[in-house]
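This report describes selected features of the structure shown below.

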Amino acid sequence: MDLAMIVYALNLSAIYALLAIGISLLWSSIGMMNMAHGASFAVAGYGALVAGDLLLPGINAALQGSALLPLVTFVVLLAAGVGSGALFGVLIYLLAFLPIHDKANFAVRGLIVTLAINLATVQALLWWFGPRQQALPNIFGFGRLNLLGVPVRYDQAATILATAVLLSVVLSWLRLSRKGLEIRAMMQNAEGAALSGISVRRTALPVMAVTGAMAGAAAVLLSQTVYVSPGAGAMPLIKGMIIALLGGLGSVPGAAVAALLIGALEAATGVIPFLGQRMVLLVQFGFIILVLIIRPRGIGGLLDETRK
Amino acid sequence: MSVVLEINDLSAGYGPLRVLHEINLSVQRGERLAIVGLNGHGKTTLFRAITHLVGWQRGSIRFDGTEIGGARSLGEGRRTPGIVRLGVAMTPQGDAIFPGLTVRQHLDCGAWSRRAWKERAKRREAIFDLFPPLRKLENTVVGTLSGGERRMVSVGRALMTEARLYLIDEPSLGLAPIISQRVVAALREIDVMDGAMIIAEQNVSLLDGQVDRMIGMHAGRLRGDVGHVELG
Amino acid sequence: MTKAIAPVFHRVGNRRHEYVLVPQGGDVWRRARLPGVGRHWLNWRGTYNPRTLQRERRLADKRPLWWLLGLGGLSAVAPFLPDTLLQVAVIFAVFAAINVIWTLIIGAAGILSFATMATVGLAGYAAAAANVFWGVPWPLMFPIGIAVGLVTGGLLALPSTRIDGLYYALLTIGLAEICRVSISQIRALAPANSSINNVGSFIPQDWYLQRPGLLLGFATAMGLLLLALLMFRLVNSERLGLQLQAAREDEEFSEAVGIDYKRARMAVFLLASAALGFIGAYYAMLYRSISLSVFSLDQMLLMFAMIVIGGMGRAEGAVIGTAIVVVIDRALIDLGPLRIILIAGVMIAVTLTTHRGLADARQQFRAWRNRIKSERRAARTRKGGDVMPEEATEIADRQLHAYRRFDKRLRDRLKDMVTPELIAEHAAAPLGPHSDALSRVLNYFRRGEMPDKYAILQDGPPEAWVYSVLALSGEPGMPPRVVDDRSYATRDEAYHAVFLLRVNDLLES
């Protein structure tokens with residue numbers, strides 16, 4: 001068992017966790033399946049790209065040769081990605097949540113509208129930026145750390161670290177803050193929440209902005225290995241969805257565990273000789289089907305705090 | 001403004017069913033009012049009409065001079081948080097609890113105003129003084145509590161922020177007599193100097209001496225305005 | 001000599017006009033039947049119109065008419081279309097057939113599966129491979145397609161019982177991707193970019209891509225669509241479909257009454273998969289080739305857009321949605337990526353405004369209108385004035401409903417008129433001249449029914465009459481009863497006492 005593989009697996013899991021937890025959170029708090037999460041991912045990538053093209057030449061000139069340069073670049077790109085992801089989340093809120101959240105057949109209609117938004121956004125990005133893949137500036141360089149004898153690429157380390165920080169911030173926001181309390185109250189009893197002065201519309205907005213921001217962060221972090229392109233969001237969306245399902249929709253710890261499992265599985269599959277990289281998806285699907293047959297509600301499918 | 005709540009010609013119902021027929025009611029400041037009647041005659045519907053949770057309603061409801069009634073044009077429940085934030089606190093029939101949150105979190109949910117949130121620890125203590133059994137249940141998940149304890153949590157949640165109008169729906173429903181007496185006594189201790197309290201109840205004798213005015217509700221109409229009632 | 005009646009009719013009310021035929025004699029009741037099956041072709045209803053004194057028949061279910069107009073119109077126009085549009089029509093028919101079968105899976109069986117194109121593609125590839133690599137003659141491609149469809153359906157059916165709804169849907173989305181990747185690994189196909197070409201077909205080689213070939217393709221595609229619709233009708237409106245409808249409404253109850261809905265779901269799913277396999281083989285033959293584009297996720301999303309726009313659950317919805325999306329996608333191809341944005345825009349607009357797509361829009365509007373009407377009627381209802389629905393069925397004469405409403409309004413007016421001054425006026429002069437208001441009140445009392453009335457009992461010795469008030473029972477044989485134990489010295493007091501009782505009854509009513 002190669003230790004470098006563990007790092008690789010952790011890297012993947014981190015990205016997947018960002019997406020899957022966003023999806024799981026959205027479903028459990030407002031009952032909407034966000035199929036436009038992939039589009040958030042792509043939009044955030046392009047947002048970071050545009051911001052980079054605008055701001056980085058100036059920053060490069062100002063901080064030439066300074067040790068702060070990579071850090072500032074990282075912060076700028078991450079902020080741009082997170083910002084555009086959050087804005088796109090707000091757009092989805094306005095279009096897919098507000099008009100129909102208390103009308104008939106909301107779950108299915110929300111899914112359809114977000115799917116349509118996904119479709120339209122990908123095509124719009126295609127039309128505006130063209131199909132060519134573009135790369136974000138390399139932030140971390142190509143060096144490696146040597147951590148306990150394991151070679152870790154700078155970007156892998158940064159990804160794992162950044163994700164851990166982001167996730168703990170979001171989860172503690174959920175658990176400890178007032179808004180998080182309101183969200184959890186709304187999940188469990190909509191009428192009781194209304195009588196406590198909690199408005200579904202006002203609470204859904206930060207949730208959608210935060211999950212969009214998480215997708216944006218994932219986009220920027222993943223952009224070190226994957227190019228920015230209009231279709232870049234498709235695979236992360238599918239992976240994020242199936243991990244959210246595997247973890248049990250609505251269970252944030254379940255999604256985290258599932259992300260770790262899937263990341264490990266993906267890393268392992270790539271290494272095993274007769275499987276190789278191409279069988280990754282098939283193996284993952286097989287694994288997921290197996291788990292869902294044994295535990296239909298997913299790994300963490302708790303029934304107390306979740307919406308069915 | 002001495003009239004806290006003024007209801008004029010209120011009719012309300014669900015779908016093709018009409019439950020309330022031309023209700024006229026006026027509640028003064030500092031008044032404790034009880035609406036008594038059997039189940040199914042419209043007491044809960046009246047409260048739900050005030051907080052905009054019914055299917056449809058016609059007629060005017062003025063709270064502190066502001067009109068909060070009106071024909072339903074938006075979905076039901078959309079205006080409820082707004083009405084709550086104007087100062088109407090309702091304890092619904094059946095509690096409407098959050099089964100996964102603890103007692104402490106429930107009470108915090110009730111503190112929706114900025115001041116109440118800042119002072120929430122102090123107010124929680126006040127609620128625990130009002131309902132002593134809750135003190136040692138502070139960190140228990142409410143889904144596991146008994147009926148009486150849930151009722152106390154539900155009432156306590158409505159008390160966390162000062163409200164001008166308290167609407168308590170069936171405080172004794174499903175409770176043992178001793179516990180319902182305790183709940184009603186606790187309600188009596190709430191200060192309504194600047195507002196009013198309306199209690200909807202089936203059990204008339206429970207409210208004997210606890211309220212200033214009693215009105216009967218039968219088949220969707222208010223009948224019989226009685227002052228301080230001596231029963232027995 | 002009698003003259004023929006030529007009644008003049010005026011339009012009254014807001015009932016929709018029904019178009020009727022006036023057949024002669026016994027033709028009213030004659031309905032043609034499908035040979036062998038015994039079902040009627042069309043749902044004619046014959047009635048006798050008492051106003052025109054004629055026998056009439058009308059078409060109770062007009063849907064076959066719309067289908068005929070739509071599809072028949074398309075078939076009639078097709079030979080005159082240019083090649084490009086004819087190709088669009090062909091692809092419309094094929095996709096509509098696939099979507100109708102998909103509606104069977106989603107609507108009737110209630111299984112949200114996105115594996116339709118995967119099934120079609122796998123069956124198509126298998127049939128094409130059989131034909132090209134193993135020399136199977138093209139007519140046998142159909143059974144191979146059906147078999148592969150069945151197998152795929154069987155494999156997909158297993159997890160669908162265990163894994164529910166959304167989970168299953170998202171898994172099937174990935175299935176197409178898996179198929180695509182797997183087939184692209186097959187080395188034998190690699191030189192042709194993983195597609196199979198030169199597949200044998202019902203279209204002769206020299207007709208292929210020529211006008212005759214296109215027309216033949218269109219004719220067979222329409223035939224395919226009709227077969228798909230027939231299958232939809234046979235499954236949905238017959239036993240399987242009814243069992244599934246019961247399950248959709250209430251699963252536990254339908255199980256309790258003995259409907260094995262799980263088996264019905266599996267049966268429908270397998271039938272639908274077999275049909276998709278058939279379509280897959282047909283698809284390979286129509287284009288004489290099959291490529292990996294059949295597994296593309298974008299195509300799948302487009303098909304989903306079709307059934308969403310049209311309405312999930314109805315065959316008409318599948319066809320309408322397919323028509324809209326195919327027209328935008330293929331006919332407006334110059335717009336480039338914008339047309340996908342347009343399709344997405346239509347999807348969003350339809351989903352935000354309708355509950356279940358365009359095909360159900362009329363029903364949704366009617367339901368909304370009925371709800372508003374019933375709310376308004378409930379708001380207008382006056383307690384004691386309107387006849388409640390339960391009573392209405394007992395009262396045969398509608399005049400009584402109106403009378404009740406009138407009576408209620410009258411009573412409300414009179415209640416306002418009853419004031420202490422009025423009562424004092426009556427006390428002062430019970431029989432004497434009365435003011436206008438008092439007259440009205442007294443007239444109303446005088447008009448009352450017997451059970452509402454009172455009488456005065458004059459009792460005692462002639463020197464000292466004592467008066468008391470009696471209430472009349474209104475029933476023959478039942479004597480009046482004394483109201484209370486009060487007695488009055490003068491008749492005027494008794495009159496006033498009766499007046500007070502009647503006023504009390506009025507105020508309480």
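In this predicted model, the elements of chain A follow the order α-α-α-α-β-β-α-α-α-α-α-α-α from the N terminus on. Eleven helices and two strands make up this list. The radius of gyration of chain A, 19 Å, is close to the 19 Å that the globule rule gives for 308 residues, so the chain is as compact as a globular protein of that length. Further values for chain A are collected in the table.

| Property of chain A | Value |
|---|---|
| Span of the C-alpha trace along the principal axes | about 60 × 45 × 40 Å |
| Share of the 308 residues that count as buried | 53% |
| Share of contacts between residues at least 6 apart in sequence that join residues at least 24 apart | 78% |

**Nonpolar cores**

In soluble globular proteins, nonpolar side chains tend to be buried together. Here the largest nonpolar core has 273 residues. Those with the most contacts inside this core are Ala20(A) and Ala218(A) from chain A, together with Ala93(C), Ala97(C), Val100(C), Ile101(C) and Val268(C) from chain C. Helix H1 of chain A (residues 3–30) contributes the largest share of the core, 18 residues. Leaving aside residues up to four places away in sequence, Val100(C) touches Ala228(C), Leu229(C), Phe232(C), Ala315(C), Ala318(C) and Val319(C).

**Helices H1 and H8 of chain A**

Two packed helices are described by the angle between their axes and the distance between the axes. For H1(A) and H8(A) (residues 200–222), the axes come within 8 Å and cross at roughly 165 degrees. The two helices are therefore roughly antiparallel to each other, and H1(A) passes H8(A) in a left-handed crossing. On the H1(A) side, the residues that meet H8(A) include Ile15(A), Leu18(A), Leu19(A), Gly22(A) and Leu26(A). Among their counterparts in H8(A) are Val207(A), Met208(A), Thr211(A), Ala218(A) and Leu222(A).

**Asp95 of chain B**

Where does Asp95(B) lie in chain B? Asp95(B) is found in the loop between strand S6 (88–91) and helix H3 (103–110). Asp95(B) counts as buried because it has 22 C-beta neighbours inside 10 Å, the cut-off being 20 or more. Not counting residues up to four places away in sequence, Asp95(B) touches Arg150(B), Arg151(B) and Ser154(B). Arg124(B) is 29 residues from Asp95(B) along the chain, and the C-alpha atoms of these two residues are separated by 18 Å.

Technical notes. Residues numbered from 1 in each chain as written. Chains lettered and ligands numbered in written order. Predicted model: local features only at pLDDT ≥ 70, side-chain atom pairs only at ≥ 80, totals over all residues. Helix = DSSP H or I, 4+ residues; strand = E, 2+ residues; numbered from the N terminus. Rg over C-alpha atoms; globule rule 2.2 N^0.38 Å. Buried ≥ 20, exposed ≤ 12 C-beta atoms within 10 Å, placed from the backbone. Contact = placed C-beta atoms within 7 Å. Core = buried A, V, L, I, M, F, W, Y, C linked by C-beta atoms within 7 Å. Axes fitted to C-alpha atoms, helices over the stretch in contact; angles between N-to-C directions. Parallel < 35°, antiparallel > 145°, perpendicular 65-115°, else oblique. Left-handed = near helix turned anticlockwise from the far one by under 90°.
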